[in-house]
Amino acid sequence: MDQEDRELLRRCRLRLVGDLQVAPLWDALLNRELFTPDMIEDIQRAGSGSRRDQARQLITDLETRGRQALPLFISCLKDTGQDTLASLLCASRQAIRRDPEAIRPLDPEPAVMEPMVPKPSSQETMKGNADLAYVLSAEPCGHCLIINNVRFCPTSGLSTRTGSNIDCEKMQRRFCRLHFQVEVRYDLTAKEMVQALAQLAQRDHHALDCCVVIILSHGCQASHRQFPGAVYGTDGCSVSVEKIVNIFNGTNCPSLGGKPKLFFIQACGGEQKDHGFDVAFVSPDTEAPGSSDEADAVPFQGGPEPTDQPDAVSSLPTPSDILVSYSTFPGFVSWRHTTRGSWYIETLDGILEQWAPSEDLQDLLLRVANAVSERGIYKQIPGCFNFLRKKLFFKTK
């Protein structure tokens, strides 16, 4: 989506979330191929499943759906009789294309007078309000487990994930700076992955405020009720994302009840490339000799053959305090550069470095999705469905 269209959606966000009638839209969105059925289901499960939560998630995901997403969405509004919103977006879009400075935020904001004495920022106020934001005051903030699968056994048919160690180093350094106690486990089989995750869940988290799991591996499509996809152990056996997340549910990990549990998964969602065309990851002048882009996947065959897939979307049977961020939507590839690491992890690291001191996690991941999709001309679009009940601001050094 063009930056102008993104800005327009953001400026109209409060109005859209307040007035948008989502129920009549599903068929129109499917017919115009703006979203797949799986994406629609994930949107419908967003947050508490209320109309406002669904509308909020729909507007967020719309920004990732290509250059024609906004005009197609306007057409869907017209088809479903939501002419007031359609006219608002259409007129505003025409105005901003004539004069980018002509449009002003459509959602009124209170005027702010320059204070006579220093006042805390809205972010600082929110951080200190347990009703609005998760309190991340513990030191360390929480545990961060990174599983980095690089070399796979020959019988698995899965290639070595060259460049994954770069991703691992970036995430290890970044979450140390965000006040997490980081542990890295390398080249685990599927059984060892489950054991490592269970050991983390069995720890006492009462004195901590958060928990992070990062998985860097090959992936595959898998049947699921709530979470799409699975990730491979080095033995070629897979562990479903649904199983990984449920290891940390209230029954298995009661000391994390009410605390944010974050999962970041770098793997592929399939063999498809989203609308667009292939572009070089870096310019010819800066690309190292012998380096190249690789997909963290092979085509899904539906049988026992090794595959590599999801970095996509997710939801929870009991949606509470969970966020799962995938590097791509289900069914699509996720790109990793052999000398610079994956697009997703590199972008995530950069966004956290620049914006973590001032923005909450949901806004950070929207920036990641926009940046990754733009760099690949929509060849890869990250996905994130979250069930965090409050804003989450990381502690930063």
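Q: How many salt bridges does a search of the whole structure find?
A: This is a predicted model, in which local features need pLDDT of at least 70 and side-chain atom pairs count only at pLDDT 80 or more, while totals for chains, interfaces and linings use all residues. Residues are numbered from 1 along each chain as its sequence is written, and side-chain values use heavy atoms, with hydrogens and water left out. A salt bridge here is a side-chain nitrogen of Lys or Arg within 4 Å of a carboxyl oxygen of Asp or Glu. Searching the whole structure on that basis gives a total of 16.

Q: Which residue forms a salt bridge with D5?
A: The closest N and O atoms of this pair are 3.0 Å apart. D5 sits in helix α1 (residues 3-11) and its partner in helix α7 (residues 83-98), 88 residues apart; helices (H or I, at least four residues) and strands (E, at least two) are DSSP runs, numbered from the N terminus. Both residues are buried, where buried means under 20% relative accessible area, exposed over 50% and partly exposed in between (1.4 Å probe, protein chains only). The partner is R93.

Q: Is E139, the salt-bridge partner of K395, buried or exposed?
A: The closest N and O atoms of K395 and E139 are 2.9 Å apart. K395 lies in the segment after β12 (383-386) and E139 in the loop between α8 (122-127) and β1 (142-148), so the pair ties together parts that are 256 residues apart in sequence. K395 is buried, at 17% relative accessible area. E139 has a relative accessible area of 56%, so this residue is exposed.

Q: What is the relative accessibility of E183?
A: E183 belongs to strand β2 (residues 180-186), while R203 lies in the loop between α10 (190-202) and β3 (210-216), so their pairing ties together parts 20 residues apart in sequence. Their salt bridge has its closest N and O atoms 3.0 Å apart. R203 is partly exposed, with a relative accessible area of 31%. E183 also counts as partly exposed, at a relative accessibility of 28%.
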